[in-house]
Amino acid sequence: MKKGWRIISLMLVMVLFASMLAACTSGAGEVNVGIVLPTKDEPRWVQDEQRFKDALADSKYTTEILFSQGSSAKEKENVETLINKGIDVLIICPHDGDAAAAAVEAAKKEGITVISYDRLITNTDAVDYYVTFDSVAVGAAQGQYLIDNANGSNVPLYLYAGAASDNNAFLFFEGAWKVLQPKIADGTFKIANSSEAEALKDTADLTRDQMSKILGQVTTNWDPNEAKNKAQTHLTAASNDLKGEVVILAPNDGTARAIADVFATDGDITSYTVTGQDAEKASIQYVIDGKQSMTVFKDVRTLVTDAMGMAVTILDGGTPETTGSYNNGVVDVNAKQTDVIVVNQENVKAELIDSGYYEAGEFTGL
Ligand code: BGC
């Protein structure tokens, strides 16, 4: 009997100790850091989820990751769920930069620190920090790749862009236009699929409104199906002088593969150079196979480390370090920016396999 009591009280002490430990590690609320990502339908964001999970494995703080599935309403609901779980820091990549303002304003009201992740939340003062890749450099690298791989003059240039609801789509296009425009103006390239871009071919610095007009014609909405349909429409309408050897500005890997597949099956296209970004596994295989010319590798591990590093600094009562700022239409948001790497057939193995980002066994023909 006595022995039984001793065991029971020992167990009680253990339970008490365990719950004290749990309370310590999870702070005041159930969850310390809430993470909201735009959609599981694109490998890019599943990559981010995995890298967050890897980074969080031995964190002293608790986190929860929710996906918005391409819906601003779902995104707002996710933020509310996380607010109710007592988060102190919100890391959020918006589906739609403007529409996400309402969600982060609700978080701000509760004293939560808001970190915009990869995409900037626009036209609100309720964003504290921004962690991002150098998106203008992404577009410039894509444009430069097309220049470096074009032969002769009047080379048909097909332009495609991301979703106008994503601030990054403008930054990518701005970067690409900065390098492509002089080569359009001097006759190296001939725009094949945008009368708005053609009308602006002598304008070096485009305003946001001017870019909106071009995006209105050549957006993919980040949707491979839309990209495929647009490419088909453009090739059906193209005269013979817009075929042969062509170059294609595709904004990311998902749309690049869709567009490349269309161009590859047109008998009047003799060769194409097509850009991308994200180093998605499927596109790495396309690069190895010579079906996609390049991708811009954005090391998601760095972005995740920066975002979590900021969150931990804030939770520990400090002020995160930043390297610059981005204006979001209302305020200058302090930002930490990361560089990007151009990957093609020549360096794909060194940058993505030898670096340990992916495993060789995930690809064929390396
Ligand atoms: C991201 C890209 C991504 C695209 C579509 C952009 O905001 O920076 O990496 O491919 O959204 O999801």
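Colleague: What should I know about the numbering and the confidence limits before I start?
Modeller: Residues are numbered from 1 along each chain as its sequence is written. Because this is a predicted model, local features need pLDDT of at least 70 and side-chain atom pairs count only at pLDDT 80 or more, while totals for chains, interfaces and linings use all residues.

Colleague: How many helices and strands does the protein chain have?
Modeller: Helices (H or I, at least four residues) and strands (E, at least two) are DSSP runs, numbered from the N terminus. Counted in that way, the protein chain has 13 helices and 13 strands.

Colleague: What percentage of the 366 residues of the protein chain count as buried?
Modeller: A residue is buried if 20 or more other C-beta atoms lie within 10 Å of its own, exposed if 12 or fewer, and partly exposed in between, with C-beta atoms placed from the backbone. The C-alpha atoms of the chain fill a box of roughly 95 × 50 × 30 Å along the principal axes. Of the 366 residues, the share that counts as buried is 43%.

Colleague: Which strands stand at the edges of the open sheet of seven strands?
Modeller: Strands pair if DSSP finds at least two bridges between them, and this sheet has the order β2-β1-β3-β4-β5-β12-β11 with mixed pairing. Each edge strand has a single partner strand, so one side of each is left without a neighbour in the sheet, and these strands are β2 (63–67) and β11 (324–327).

Colleague: Within that sheet, which residue in β3 stands opposite Val 36?
Modeller: Strand β1 (residues 33–37) is joined to β3 by four bridges, and the two run parallel. Opposite Val 36, the residue in β3 is Ile 92.

Colleague: What is the bridge partner of Leu 90 in β4?
Modeller: From β3, Val 89 and Ile 91 point one way and Leu 90 and Ile 92 the other way, and all of them are buried. β3 also pairs in the parallel sense with strand β4 (residues 113–117), over four bridges. In β4, the bridge partner of Leu 90 is Val 114.

Colleague: At about what angle to β1 does helix α2 run?
Modeller: Axes are lines fitted to C-alpha atoms, for helices over the stretch in contact, and angles run from 0 to 180 degrees between N-to-C directions. Helix α2 (residues 43–56) lies across β1 and β2, and its angle to β1 is about 160 degrees.

Colleague: How do helices α3 and α4 pack, roughly parallel or roughly antiparallel?
Modeller: Angles under 35 degrees count as roughly parallel, over 145 as roughly antiparallel, 65 to 115 as roughly perpendicular and the rest as oblique. Helix α3 (residues 72–84) and α4 pack at about 10 degrees, with their axes 9 Å apart, which means that α3 to α4 is roughly parallel.

Colleague: Which residues of α4 make the contact with α3?
Modeller: Two residues are in contact if their C-beta atoms, placed from the backbone, lie within 7 Å. From α3 come Glu 75, Lys 76, Val 79, Glu 80 and Ile 83, and from α4 come Ala 102, Ala 103, Ala 106 and Ala 107.

Colleague: Is Asp 98 partly exposed or buried?
Modeller: Asp 98 lies in the loop between β3 (89–92) and α4 (101–109). Leaving aside neighbours within four places in sequence, Asp 98 is in contact with Thr 122 and Asn 123. Because 16 other C-beta atoms lie within 10 Å, Asp 98 is partly exposed.

Colleague: At roughly what angle do the axes of helix α10 and helix α11 cross?
Modeller: The axes of α10 (residues 253–264) and α11 (residues 281–288) come within 9 Å. Residues Asp 253, Ala 256, Arg 257 and Ala 260 in α10 meet Ala 282, Ser 283 and Tyr 286 in α11. The crossing angle is roughly 45 degrees.
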